[in-house]
Amino acid sequence: MQIGALAERTRCKIETIRFYEKIGVLPAPARTGGGTRVYSPAHVSRLTFIRRTRELGFTLDEVRALLRLADERDRPCGEVKSLATAHLADIKAKIKDLRAMQMALADLTAKCETGDGMDCPLIEALSNP
């Protein structure tokens with residue numbers, strides 16, 4: 001299949017596919033005599049894997065590590081679980097940080113009762129050390 005069909009089938013943009021090829025997470029496809037890329041079902045599977053891991057927030061380095069493990073015949077599930085567990089801990093930490101930011105911003109915006117005054121308590125709070 002050509003790149004447009006691959007993009008449609010995997011719900012990835014063509015630019016993203018080319019980027020993944022460039023950085024080496026997606027193998028370069030065969031080419032026709034005219035230079036057109038020709039993708040195989042293996043490309044569909046690998047690109048789907050990459051897209052799904054990225055949707056889960058894995059970094060490109062983590063995706064590379066997961067791909068290396070997936071490419072191994074023995075597929076050491078313990079290593080995969082370890083990577084996923086570390087990523088889950090990062091997500092939980094980010095959620096905790098986001099909740100703290102939400103509370104802080106809610107407190108600051110609550111100080112601006114109507115928003116009609118010339119003095120803005122929010123600006124003052126953000127400006128003071």
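Arg11 is found in the loop between H1 and H2, where helices (H or I, at least four residues) and strands (E, at least two) are DSSP runs, numbered from the N terminus. The structure is a predicted model, in which local features need pLDDT of at least 70 and side-chain atom pairs count only at pLDDT 80 or more, while totals for chains, interfaces and linings use all residues. Residues are numbered from 1 along each chain as its sequence is written, and side-chain values use heavy atoms, with hydrogens and water left out.

The backbone of Arg11 has a phi near 60 degrees, a positive value in a residue other than glycine. Most residues other than glycine have a negative phi. Arg11 is exposed, because its relative accessible area is 62%; buried means under 20% relative accessible area, exposed over 50%, and partly exposed in between (1.4 Å probe, protein chains only). Cys12, in contrast, has 10% relative accessibility and therefore counts as buried. Cys77 is exposed, with a relative accessible area of 59%. The structure holds 0 disulfides, a disulfide being a pair of cysteine sulfur atoms within 2.5 Å.

The largest nonpolar core has 20 residues, of which Leu6, Ile17, Tyr20, Leu47 and Ile50 touch the most other members. A nonpolar core is a set of buried Ala, Val, Leu, Ile, Met, Phe, Trp, Tyr and Cys residues joined through side-chain atoms within 4.5 Å. Two or more residues of this core come from each of helix H1 (3-10), helix H2 (14-23), H3 and helix H4 (60-71). H4 gives the largest share, 6 residues. In soluble globular proteins, nonpolar side chains tend to be buried together. Leaving aside residues up to four places away in sequence, Ile17 touches Ile3, Leu6, Ala7, Cys12, Leu26, Tyr39 and Leu47, where contact means heavy atoms within 4.5 Å. Thr16 also has its place in helix H2. At 27% relative accessibility, Thr16 counts as partly exposed. The C-alpha atoms of Thr16 and Leu47 are separated by 9.9 Å, although these residues are 31 residues apart along the chain.

A search of the whole structure finds 1 aromatic pair. The pair is formed by Phe19 and Tyr20 and is tilted, with 5.9 Å centre to centre and 50 degrees between the planes. Rings of Phe, Tyr and Trp (its six-membered ring) pair if their centres lie within 6.5 Å; planes under 30 degrees apart count as stacked, over 60 as edge-to-face and the rest as tilted. Phe19 counts as partly exposed because its relative accessibility is 38%, whereas Tyr20, at 7%, counts as buried.

Another tyrosine, Tyr39, has its place in the loop between strand E2 (37-38) and H3. Its relative accessibility is 3%, so Tyr39 counts as buried. Tyr39 and Ile3 are 36 residues apart in sequence and 7.0 Å apart in space, C-alpha to C-alpha. With residues up to four places away in sequence not counted, Tyr39 touches Met1, Gln2, Ile3, Leu6, Ile17, Glu21 and Pro29. The side chains of Tyr39 and Glu21 are joined by a polar contact of 2.3 Å. A polar contact is a pair of N or O atoms within 3.5 Å; within protein, one must be able to donate a hydrogen and the other to accept it, and residues adjacent in sequence count only if both atoms are side-chain atoms. The side chain of Tyr39 also makes a polar contact with the side chain of Arg37, at 3.4 Å.

Arg46 lies in helix H3 (residues 41-55). Its side chain reaches the backbone oxygen of Val25 at 2.8 Å, and a polar contact of 3.0 Å joins the side chains of Arg46 and Asp71. Beyond residues up to four places away in sequence, Arg46 touches Val25, Leu26, Pro27, Leu67 and Asp71.

Helix H5 (residues 77-110) has 34 residues, which at 1.5 Å a residue should span 50 Å; its end C-alpha atoms are 49 Å apart, which agrees. The expected span of a helix is 1.5 Å times one less than its number of residues. Leu83, His87 and Leu108 are buried in H5, and the buried residues of H5 pack against H4 and helix H6 (121-127). Lys92 lies in helix H5 as well, but Lys92 is exposed, with a relative accessible area of 55%. Lys92 and Ala125 are 33 residues apart in sequence and 28 Å apart in space, C-alpha to C-alpha.
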